[in-house]
Amino acid sequence: MGVPTLGCSCPVCTSADPRDRRSRPSVLVRWKETASPERVVSERVILVPAIEERVVVIDTGPDFREQALRSGIHRVDAVFYTHSHADHILGLDDLRPLSFKAFREGGPIPLYATAETAATLERIFDYTLSPHATYPTRAKLRLEPLKKSTQVHGVNFLRIPLMHGEMEIVGYRFGRAAYLTDVSEIPEESFALLEGLEHLVLSALRHKPHPSHATVEQGTGMAARIGAGQTWLTHIAHELGHEETNRTLPAGVALAYDGLTVPVDL
Ligand SMILES: [Zn+2]
Ligand SMILES: [Zn+2]
């Protein structure tokens with residue numbers, strides 16, 4: 001719901017600590033790609049390799065526009081969706097200006113999603129995503145089926161099956177990092193896909209049990225089994241103050257916060 005939560009004046013919602021101000025969950029993966037290897041064209045001309053910034057976003061929630069402004073992104077090369085709940089998709093239309101830029105460079109921005117998620121996106125954003133859409137300046141986006149693994153400009157995004165209550169959703173691994181949000185349970189076979197992580201981003205809502213979100217205790221249990229160098233808890237509700245909760249977490253586990261940036265081996 002975001003923190004401050006509308007209508008609430010609890011200590012976390014009124015906290016002065018900027019890390020207690022939480023927009024809806026999303027992650028940005030940014031890297032530099034050397035577009036072509038350096039080569040000698042003739043004895044006199046050397047083509048210097050073009051270095052392109054590449055940007056992948058996982059989920060475009062209602063705060064996507066503000067998050068993109070804060071991160072200073074000027075392009076998006078692909079979007080991966082975890083599932084179709086409002087807090088993960090409602091910023092999709094704010095891809096519009098970036099999609100015009102992508103289109104001029106080569107084509108629409110690919111949106112990778114499961115068939116279930118794609119069907120909901122197509123229904124909610126039918127004026128943009130329906131094959132019959134006619135609105136002239138609609139975003140240039142293209143739904144793509146999500147496979148087990150997807151290459152984006154040399155970086156592999158591996159699909160990690162997760163449970164969100166009764167619903168099967170998707171997390172992603174990229175290099176030695178993984179982003180698993182809205183998790184209530186990790187299926188046994190997914191643990192094998194999560195070995196050797198440096199950074200794990202994992203959701204943990206609060207202490208009180210919830211039917212479709214892990215608690216802090218459940219999340220730290222999953223984190224211990226996965227054994228990443230560092231686990232960052234995300235999708236945190238207003239029951240958890242940043243500073244006081246962090247003091248109670250085991251070594252190698254901490255609450256994430258808006259704008260947190262970590263270097264990752266891709
Ligand atoms: Zn509150
Ligand atoms: Zn969510």
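Strand 11 (177-180) and strand 12 (199-203) run parallel and are joined by four bridges; two strands pair if DSSP finds at least two bridges between them. Helices (H or I, at least four residues) and strands (E, at least two) are DSSP runs, numbered from the N terminus. Across this pairing, Tyr179 stands opposite Val201 in strand 12. The model is predicted, so local features need pLDDT of at least 70 and side-chain atom pairs count only at pLDDT 80 or more, while totals for chains, interfaces and linings use all residues. Residues are numbered from 1 along each chain as its sequence is written, chains are lettered from A and ligands numbered from 1 in the order in which they are written, and side-chain values use heavy atoms, with hydrogens and water left out.

Strand 12 also pairs with strand 13 (230-234), in the parallel sense, over five bridges. Here the bridge partner of Val201 is Trp232. Strands of a sheet pair through backbone hydrogen bonds, either parallel or antiparallel. Five of the five residues of strand 12 are buried, so this strand is largely enclosed by the rest of the structure. Buried means under 20% relative accessible area, exposed over 50%, and partly exposed in between (1.4 Å probe, protein chains only). In a regular strand the side chains alternate between the two faces of the sheet. In strand 12, His199, Val201 and Ser203 point one way, and Leu200 and Leu202 point the other way.

These strands belong to an open sheet of seven strands with the order 8-9-10-11-12-13-14 and mixed pairing. At its edges are strand 8 (149-152) and strand 14 (253-255), each of which pairs on one side only. On average, neighbouring strands of this sheet are turned by 25 degrees against each other, direction ignored. Strand 8 and strand 9 (residues 155-164) run antiparallel and are joined by four bridges, with Ser149 opposite Leu158 in strand 9. Helix 7 (residues 216-226) lies across strand 11, strand 12, strand 13 and strand 14, and runs at about 155 degrees to strand 12. For such angles, axes are lines fitted to C-alpha atoms, for helices over the stretch in contact, and the angles run from 0 to 180 degrees between N-to-C directions.

Strand 9 also holds His164, which counts as buried because its relative accessibility is 4%. Leaving out residues up to four places away in sequence, His164 touches His83, His85, Ile169, Asp182, Ser184, Ser212 and His213; contact means heavy atoms within 4.5 Å. A polar atom of the His164 side chain lies 2.7 Å from the backbone oxygen of Ser212.

Asp182 leads on to a metal site. The protein donors of the zinc ion (ligand 2) are Asp87 (OD), His88 (NE2), Asp182 (OD) and His235 (NE2), at 2.1 to 2.2 Å from the ion. Donors are N, O and S atoms within 2.8 Å of the metal (3.2 Å for Na, K and Ca); water is not among the atoms, so sites may look incomplete. The angles among the four donor atoms of ligand 2 are 90 to 165 degrees, and the site is irregular. Four donors count as tetrahedral if all angles lie between 85 and 135 degrees; four count as square planar and six as octahedral if opposite donors are over 155 degrees apart and all others between 65 and 115; anything else is irregular. His88 in helix 2 (residues 86-89) and His235 in the loop between strand 13 and helix 8 link parts of the chain that are 147 residues apart. His88 is buried at 0% relative accessibility, and His235 is buried at 12%.

Cys13 lies in the segment before strand 1 (27-34) and His238 in the loop between strand 13 and helix 8 (242-248), so the pair ties together parts that are 225 residues apart in sequence. Both Cys13 and His238 are buried.

Another open sheet has five strands in the order 1-4-5-6-7, with mixed pairing. Strand 1 and strand 7 (141-145) are at the edges with a single partner strand each, so one side of each has no neighbour in the sheet. Strand 1 and strand 4 (residues 51-58) pair in the antiparallel sense over eight bridges, and Val27 stands opposite Ile58 in strand 4.

Notes:
Polar contact = N/O pair within 3.5 Å; in protein donor to acceptor, adjacent residues only side chain to side chain.
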